[in-house]
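Morning, everyone. Have a look at the structure first.

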Amino acid sequence: MTAARWRLAFPLDLGWRNIVFAIRTAVAAVVALAIAYWLELQDPQWAVLTVYLLAQPTAGAALAKGVYRVVGTLLGASVGLVILALYSQAPVPLVGSIALWLALCFFIGAQMRNYTAYGFLLAGYTALLVGLQGAADPTQAWHLAFDRTAEIIIGIACITAVSVLVFPRYAGVMLREQLAGLFGQLSHYGAIAMRPATPFATFAALRRTMVEAVVKFDALRSYAVFEAPDMRADDATLKRMVREFLRVLAIARGLYVRLEDFQAEDAAPIVARLRPVMAATAALLDRIAADVHAFEDPRRIRLELLAARSALRAATRDLEAMAGRVPFEPLAEGVLILRRAGDLLRGLSMVMVSEAASLRWHLRAAIRPEEQAPVVPAASNREALLLAVRSVLALVLMSVLWAATEWTDGFNAVSGLAIILFFAVNQDQPGKLGFTFLLWSAIGIVAAYAAMVFVLPWIEGYEALALFLIVALLPAGLMAGTPQYAWSGIAFGGFFVSEIGTSNVFQPDELSFVNSAFSLLFGMGMCLVLLNLFPINSLATRERVWTRTMASLLPAAARGQRHERVVVGEIVAMLAALLPRLSLDRRGEEDFLRGTLGAASTGLELGRLNRLRRDADLSSDASALIARFLAQFAAELESLPKAGDAIASRVAEAQSTVHAALAALATLPLEPGSVAAALNVRAGASLRFVADRFDIDRAFLVRSFGEA
Amino acid sequence: MPTSGLTLYAPELFGFYLPPVLLWALIALVPFLILRWLLARTGFYRFVWHRPLFDVALYVILFGGVIFGVPAVLGGAGWL
């Protein structure tokens, strides 16, 4: 019971894979230390710190990080040496040029994604270390740059070697496993959405889990494409899969809400036709979700999904044939439900197609890759520029403090500041993560001090030290391998082993230990304060996505200037690029995610309406009505970004436009069983969908997705 | 004596002398945390444009208050 409660409060992953990960990381640290000793490098702790900073549970991630880190380190060390050679005796140009280089690295790094960014940030960091530490003793600068570079490369080599040699876990394999799991979960989620009796809390909780799973899948995808060249070629298809997942999520939610409303209304013949086909579809999805071998036979699953889609289409035709005989609005809602259920199945089979294309290369020739989606950088230009300015400001402030106080340990404060600066890149809430990192660094340093005083004096020989370090580092490794404690574990392990006093000859110097530890933590803390004073987050990018969607993409879909699938593709691509930066535990950001997905589907429906109005079979009254609605609605959407404080009333106007159009369409006389009547019902379904957005995604429409 | 008001107290921790400013900074943290909690409870932060900036300013004022104010209240000339 106590153990269970403890596990709940501090859920460390104690599975055998994680234990292996913890042991192999500790062994890598010890081996790196041994090599650094053997080469008689100064400050061998940098090699072990590198091991921990690089510790990743998958092999692909370690390899990718390693390569970029080596390149970044070499580049940074050379730039640091050049700056030193030019200005070793002139503090102002020295700090100025290092700050400029740092700004450049942050500016480029913030706009890149993943490890390219990592390489650039490290180039800035290494230049800063070599430049500033070397300035204290310019005659030793070359040695310092060489030792630092060699230590970092030793660390990289050791961690990469163990993660590739000892029970390697490749991201590609994990991706495949996760994909199969995710597909099953998604099918289950779809089935739940289609069941009328699901309580909202259950649905919302499941939806949240699904979004998290998709975000995790996206992160793993970015690791995996670094791992193997054949996967890199498939990145476009994998990205498409993530977008398809997001679409399925959005559709399922709308479907759930619509079904929920539908229950209350009295439309017996519609319900009688709708219910069995929805139940059959839900049962199929449940069957697919339970089928662990679904991915071994994608053809069969796709055929089943196809059959279910034709059943839905048949039901839609039957419903459309009822036009004129049953009330219009419930009929339109029924058609909408069937249409969205069909879209959901289509999304799932698209995932199957993409899976076949990307992870089963022997089938690849059969499928043509999708057109390249627009590339959206991780951070906008302006955001990257702000990040660069902020890092320069932080560095200059700390250097001024260092110079003004003639602080002997000022360098440690600057390096602590630089470490925290790295967390700030593309982190919307660096404070929270940074503080945890600071706290666990402090705990690691205290533990190192205790070990230095109480344990190290009793240890003789490298073998005993190695054994002690491996055992002492196990908890840190277990933490580093548990996703929610990864950074805490890295900080704890890294600073424990690097501060423990690992110079070639054991000379415990308590005074310099305490001084350097305090200044390091002080630098980290000051950096956190600065980061909070100068927050840079994705809010501006969110605003831009919103503005582009409202002012140009949706009106273009309504007017038929661009095909609705292109519009949907662009909106979802913008969202997918922002995905890693959204914290979905904050209401505003969750509203943004939902709203954007809803807007994508709105684009789809507006495009459908636009094509429908040109259909020759549609009555001229209905056609004129839809054309009027589309023109007015497009203009109203366009005016939203400029509405300012009046946005709520503008959204209300747009909502009444949709409702007026829907009401007007419902009053048009219908000839039972005619094609025109069926088309009217189809238009009604699209309008119903757009009208629903104003209830479900109101927060998004009134642009309130900023502060939670 | 001109130095009578200058009582620099350097706290000691496991045999290390810590800078006096660290002690003042820690003392200032107590009223700061209480005030911040109170202001958050009363909804005062709704009127604040930039909360972290306000917090830093508040802390700096309290820090200054501790350095200059407390000795004045206690009847000394101050720590500095």
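Predicted model: local features only at pLDDT ≥ 70, side-chain atom pairs only at ≥ 80, totals over all residues.

Start with the pair. Helix 21 of chain A covers residues 539-559, and helix 22 of chain A covers residues 564-578. Their axes are 10 Å apart, and they pack at an angle of about 175 degrees. Angles over 145 degrees count as roughly antiparallel, so helix 21 and helix 22 of chain A run roughly antiparallel to each other.

Who touches whom? From helix 21 of chain A, the residues include A:Val545, A:Arg548, A:Leu553 and A:Ala557. Helix 22 of chain A answers with A:Val567, A:Glu570, A:Ile571, A:Met574 and A:Leu578. By class, this contact has eight nonpolar, two polar and three charged residues.

Next, helix 2 of chain A, residues 16-38. It has 23 residues and reaches 33 Å from first C-alpha to last, close to the 33 Å expected at 1.5 Å a residue. After helix 2 of chain A comes A:Glu40, with a positive phi, near 55 degrees.

Last, the second largest pocket. Its volume is about 2400 Å³. The lining has 50 residues, and A:Leu521, A:Phe522, A:Gly525, A:Met526 and B:Leu22 lie nearest the centre. Which helix gives the most to this lining? Helix 20 of chain A, with 16 residues. Chain B supplies lining too: strand 2, helix 1 and helix 2 of chain B each give at least two residues. By class, the lining divides into 39 nonpolar, seven polar and four charged residues.

Technical notes. Residues numbered from 1 in each chain as written. Chains lettered and ligands numbered in written order. Heavy atoms only, no water. Axes fitted to C-alpha atoms, helices over the stretch in contact; angles between N-to-C directions. Helix = DSSP H or I, 4+ residues; strand = E, 2+ residues; numbered from the N terminus. Parallel < 35°, antiparallel > 145°, perpendicular 65-115°, else oblique. Contact = heavy atoms within 4.5 Å. Nonpolar A, V, L, I, M, F, W, Y, C, P; charged D, E, K, R; others polar. Expected span 1.5 Å × (residues − 1). 1 Å grid on protein atoms, 1.4 Å probe; cavity = no way out; pocket = protein on both sides within 12 Å on 5 of 7 lines; lining within 4 Å. Points joined across faces, edges and corners; volume = space filled by probe spheres on them.
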